[in-house]
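Dear colleague,

I am handing over the structure shown below for your records. My findings follow it, and I would be grateful if you would read them alongside the coordinates.

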Amino acid sequence: MRNLYSGLIFRNFRKIKLYFGLCFLFCVIFVLSGYFGETRYSEGSLLSNSNALDPGTLKDFQNRRHNRNLQFLYSQELLTGNKKIDLKVKTNKGIPISPRIFTYKNDFLNEDESFNENKLNIGGNKATDYTNLNSDEKKIKNLTKKLPHAIIIGVKKGGTRALLEFLRAHPNVRATGPEPHFFDKNYEKGLEWYRNLMPESDSSQLTIEKTPGYFITKDVPNRIYNMSSAVKLIIVVRDPVTRAISDFAQIASKSPKVHSSFEAMMFKDNITTVDTSRTLIKIGMYSKHLERWLDYFPLEQFHIVNGENLVTDPGTELIKIQEFLGLPIKITDKNFHFNQTRGFPCIRKKLNKRPHCLDETKGRKHPYINSESIQSLQAFFKPYNRKFSKMVGQDFGWS
């Protein structure tokens with residue numbers, strides 16, 4: 001009997017040991033799987049795996065990243081005494097938000113990856129428009145939405161739309177569609193809203209946007225500086241008298257209710273005294289606006305485009321702009337075809353393709369303006385033109 005009990009206890013003890021051993025093994029596996037299986041997200045993986053994430057995850061990640069950016073910028077401000085970095089918390093419908101500042105000094109705007117001139121495609125690029133790629137293809141190509149490396153800030157009716165369309169033909173350029181008007185009309189929406197308006201691009205491409213209203217808006221230079229002190233700025237200028245006439249023609253074509261004549265809008269007495277309260281006049285006072293921009297950016301960060309030459313010799317102007325932006329020369333006079341009917345150049349993205357012409361509003365006929373009014377405007381703008389030419393070191397040949 002004693003031997004029987006001893007046998008039962010021995011057999012049960014072996015089962016008990018096996019049971020506890022298995023439990024211990026399962027516990028070890030559970031702990032290790034919890035440690036090594038933990039998901040660790042970068043911002044890139046958050047963006048590419050957003051379908052599997054809680055809606056607040058990406059926002060929380062960006063907020064933490066942004067706080068570190070602000071701490072770095074604040075420490076740099078203390079070290080350098082630079083007071084132009086805006087660290088004030090703004091609100092959007094009662095919700096506090098901070099303007100995300102991604103760069104300091106000479107860094108480009110993308111917080112994760114800077115535009116790399118060494119990665120530019122020198123031999124050509126067969127697939128630079130990524131609009132139709134699916135999410136997996138975009139992930140493979142490492143496409144991201146970046147804040148602009150360059151901005152066309154003005155001037156209205158100077159040729160900004162034409163320039164943007166010409167630059168869009170470059171394989172290393174990605175450009176916005178509609179004008180964002182972020183720094184003059186939508187600044188309270190924050191830089192993340194602005195970034196989302198940008199096209200997706202890879203590391204070999206730079207992003208450009210254009211909003212001509214920036215050049216004449218008082219607060220814009222400071223706001224752009226707070227985003228990046230290294231952004232490149234492009235201004236397309238044109239004879240301010242011709243520019244004002246073109247602006248009037250556009251207003252009249254879009255607003256049939258405008259019954260005032262050009263003279264009635266430009267002059268207080270319809271003859272000689274220029275009405276400086278008119279925006280059509282203010283825009284053409286280039287030197288006054290540029291002075292405000294030079295308080296924040298050095299002249300070498302600006303490229304001034306001759307708007308008249310952009311029409312008559314677009315190839316030469318585009319070569320200068322590509323050099324300014326650090327791009328390989330891909331667009332030359334061979335890419336342009338002049339439309340004799342409309343008096344405006346059209347662009348060929350590829351030399352063996354048909355040229356793309358801008359819409360019918362480009363090359364719009366101007367109304368007749370009497371010579372006395374034109375002479376009065378030329379006399380008014382003359383001192384501003386002279387000063388502007390001296391500031392930028394260019395002779396535009398305006399009367």
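**Packing of helices 5 and 14**

In this predicted model, the axes of helix 5 (residues 160-168) and helix 14 (residues 314-325) come within 11 Å and cross at roughly 70°. Axes here are lines fitted to C-alpha atoms, for helices over the stretch in contact, with angles running from 0 to 180 degrees between N-to-C directions. Helix 5 is therefore roughly perpendicular to helix 14, a term that covers angles of 65 to 115 degrees. Helices (H or I, at least four residues) and strands (E, at least two) are DSSP runs, numbered from the N terminus.

From helix 5, Leu163, Phe166 and Leu167 meet Pro314, Leu318 and Ile321 of helix 14, where contact means heavy atoms within 4.5 Å. The residues of this contact comprise six nonpolar, no polar and no charged. In this classification Ala, Val, Leu, Ile, Met, Phe, Trp, Tyr, Cys and Pro are nonpolar, Asp, Glu, Lys and Arg are charged, and the others, Gly among them, are polar.

**Backbone geometry in the loops**

Most residues other than glycine have a negative phi, and most peptide bonds are trans. Against that background, the peptide bond from glycine 154 to valine 155 is cis, with omega near 0°. Valine 155 belongs to the loop between strand 4 (150-154) and helix 5.

Lysine 157 also lies in the loop between strand 4 and helix 5, and has a positive phi of about 60° although it is not a glycine. With 15% relative accessibility, lysine 157 counts as buried (under 20% relative accessible area, 1.4 Å probe, protein chains only).

Histidine 181, in the loop between strand 5 (173-175) and helix 6 (182-185), has a positive phi near 50°. Its relative accessibility is 18%, so histidine 181 is classed as buried.

**Glutamine 205**

Glutamine 205 is found in the loop between strand 6 (200-201) and strand 7 (206-210), and is buried at 0% relative accessibility.

**Conventions**

Residues are numbered from 1 along each chain as its sequence is written, and side-chain values use heavy atoms, with hydrogens and water left out. Local features need pLDDT of at least 70, side-chain atom pairs count only at pLDDT 80 or more, and totals for chains, interfaces and linings use all residues.

Yours sincerely

Definitions and conventions. Angles under 35 degrees count as roughly parallel, over 145 as roughly antiparallel, 65 to 115 as roughly perpendicular and the rest as oblique. Buried means under 20% relative accessible area, exposed over 50%, partly exposed in between (1.4 Å probe, protein chains only).
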